[in-house]
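Please open the structure in your viewer and keep the selection panel at hand. The tour goes from one selection to the next.

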Amino acid sequence: MRTMSLPVARRTALAAQGFADPRPSGPPTRRHLQRVLSRVQLIQLDSVNVAVRAHYAPLFARLGAYDPALIDEAAWSHSARRPRLLVEYWAHEASLVPVGDWPLLHSGAKRQGWWRHYRGLAERSPSLVEDVLAVVKELGPVGAGAIEKEVAGESRRAPGAWWDRSEVKKICEWLFGMGQLTTGTRRGFERLYDLTERVVPPDVLAHRVDAAQGARQLVERSARALGVATETDLRDYYRLGPEVSRRAVAELVDEGTLEPVRVESWRQQAYRHAAAKAPRTVTGRALLCPFDPLIWERARTERLFGFRYRIEIYVPEPQRVHGYYVFPFLLDGELVARVDLKADRAAGVLRVPGAFAEPGADHARVAAELAAELSLMAGWLGLGGVEVGERGALATTLGKLTR
């Protein structure tokens, strides 16, 4: 079994995530989106909109300023000329995944999520399930509020069958989890439900994959996205169960898709994807949102970069160390700083309440590169400039560079 140094493992992981690919010289296109998807495999969704919605940020980190309509059109609209590329489902968390991966996520490889607790309601109230499906069939794509009004309102009220609106929402989420409903489109960030058969192509829906095959393919995608990883890293990417993941890893090792390796300073066994590359250097810069797949597994981030990172949204303000919504800053293959960001749309500025350098970072160079990337982000978000606060060792220098 060969041993990988930590710097080689780090470069392998960065290349797998697309950070060794140059940013486009011109406006990014659908082809560039597809290249990023071939690296990261999925894009996490999240409702937080302090700086930018989570599903837009990973593409900005890898492509620079791009038209967010690239994501919107790929996920929530389609035509004969430009078919839908992405569909929503529970993958890591709520995620956008390639349409072709739908059968893998419904193969039985993944455990049912939190919505499984609504099964009892569905079994006790089959007519409620029928009502929800009927409304979506008639009106979809349609939001939960409109479904609730139709199902629980006077127009559909039958003797003894008045449904509470919270129950309607639970059934919508249960049907989404079971794959009978999915997101047809979004209005703002509101999910508009539609019948899956009207969103996912018939040939994809007809494709059947058993649980073992689904697990192998999901773990293979995890390994491709991570480059080199422990079994727990591979498991976490699609949130698979331990037994399912371990069996799939063993089978992928047997067939040569995964190579067992030792990574210096890692306690756990690691696995390298057979197609993974380790470039001699990784250059460039990127602001990473808290839900970027490079850093979403915090223990892995610490193992790879020596960078301890926590989302402090739910921490009381006096106890926060770095801020409310903090973006790590990647520069030439290292996490060298972190910035607390807020898009103040009313004032038209990107606010940076805090800017913090990592130990050993070259403050002058980091500040210069960070200032350039923050200015790029502000322009991408349609904001007129960057305003830096007072917190953190980088704040003074960064503030001077962004005036």
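Start at the interface of domain 1 and domain 3, across which two salt bridges are found, a salt bridge being a side-chain nitrogen of Lys or Arg within 4 Å of a carboxyl oxygen of Asp or Glu. This is a predicted model, in which local features need pLDDT of at least 70 and side-chain atom pairs count only at pLDDT 80 or more, while totals for chains, interfaces and linings use all residues. Residues are numbered from 1 along each chain as its sequence is written, and side-chain values use heavy atoms, with hydrogens and water left out.

Select Glu334 and Arg10 next: they form a salt bridge whose closest N and O atoms are 3.2 Å apart.

Now colour the protein chain by domain, with bounds from an automatic or database domain assignment: domain 1 is 2–107 + 208–273, domain 2 is 114–205 and domain 3 is 310–402. The contact (heavy atoms within 4.5 Å) takes 15 residues from domain 1 and 16 residues from domain 3.

Show the surface between domain 1 and domain 3, where about 1,400 Å² is buried, 69% of it on carbon and sulfur atoms; buried area is the accessible area (1.4 Å probe) that two parts lose on being put together, summed over both. Then pick Val50, Ala51 and Phe60, which supply 44% of the area that domain 1 buries against domain 3, more than any other three residues.

Finally, select Leu226, Asp233, Tyr237 and Trp296, which are among the residues lining the largest cavity. On a 1 Å grid over the protein atoms alone, a cavity is a set of points where a 1.4 Å probe fits but cannot get out, and lining residues have an atom within 4 Å of a point.

Methods. 1 Å grid on protein atoms, 1.4 Å probe; cavity = no way out; pocket = protein on both sides within 12 Å on 5 of 7 lines; lining within 4 Å.
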